[in-house]
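Hi everyone, thanks for coming.

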Amino acid sequence: RLFDSEYAAAHTEELLWVYSRLADEKSRETLENTVNFKLSGKPEYLYRCEVSHDEPFQSFLMLCDDESYLDLGAYNGDTVLEFIQKTGKYKITAVEPDNRSFKKLTANTGGLENLTLINACVGEADGTAGFSSRKGRGSGMGIGEDCKMISVDSLNGGFSFIKADVEGSETAMLKHNTALPNENADRLLPQNRRPYGHTARGLQNQKRLPHLYAAFSGASRMGY
């Protein structure tokens, strides 16, 4: 639904809850400016939190030489390839439900070591779910063909860094996944192109939170 003043008022508690748990001041400014942009339509709010593409890796992400990366919504492999460029030794699990995007992901990452590719959507538990396949990043869960669904718990990955671009399925992804976040996953990067209540409600169910960083479309600290 539209992110307007009515929506913001209805989800004020969740937004403030997430705001208070973001890991750094720049992430808090990013969330604040993005909400102001949504409500006003003024692009200057987005300009205030734009950064260079490499800045996050030079400051708050600080990848080491032995990372275990979970890429939820890996699309065509662009974020997988970027991650590999920024770190040394790695282990990656990349999950993408859209069949066309998964074929591109497979082709673009062919020959890479320590990489597991999974053609599935992510939800509360293993099973199947309706998935609407549109154009790449426009796909999403809902009414559509049956798609294999997995939970983060079932991956047993001990991930150190998790990127989640799951198109509005954040609550389902987080709700019953005790491994997300866990004692090893200290960095969670939810990427939102939809109203932020999805992520807020899911995060409120977690007993423990990692460092959370803001990366919202149009005002992204990751440049996506």
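Let me begin with burial: a residue is buried under 20% relative accessible area, exposed over 50%, and partly exposed in between, using a 1.4 Å probe and protein chains only. Phe-161, at 2% relative accessibility, therefore counts as buried.

A quick word on the ground rules. This is a predicted model, where local features need pLDDT of at least 70, side-chain atom pairs count only at pLDDT 80 or more, and totals for chains, interfaces and linings use all residues. Residues are numbered from 1 along each chain as its sequence is written, and side-chain values use heavy atoms, leaving out hydrogens and water.

Now, the rings. Phe, Tyr and Trp rings (the six-membered one for Trp) pair if their centres lie within 6.5 Å; planes under 30 degrees apart are stacked, over 60 edge-to-face, and the rest tilted. That rule gives 4 aromatic pairs. In one of them, Tyr-69 and Phe-161 have ring centres 5.4 Å apart and planes at 15°, so they are stacked. Tyr-69 sits in strand E1 (residues 66-72) and Phe-161 in strand E8 (residues 161-164), so this pair ties together parts 92 residues apart in sequence. Strands here are DSSP runs of at least two residues, helices (H or I) of at least four, numbered from the N terminus. Tyr-69 is buried too, with a relative accessible area of 2%.

Which residues do ring pairs link into a cluster? They are Tyr-69, Phe-83 and Phe-161.
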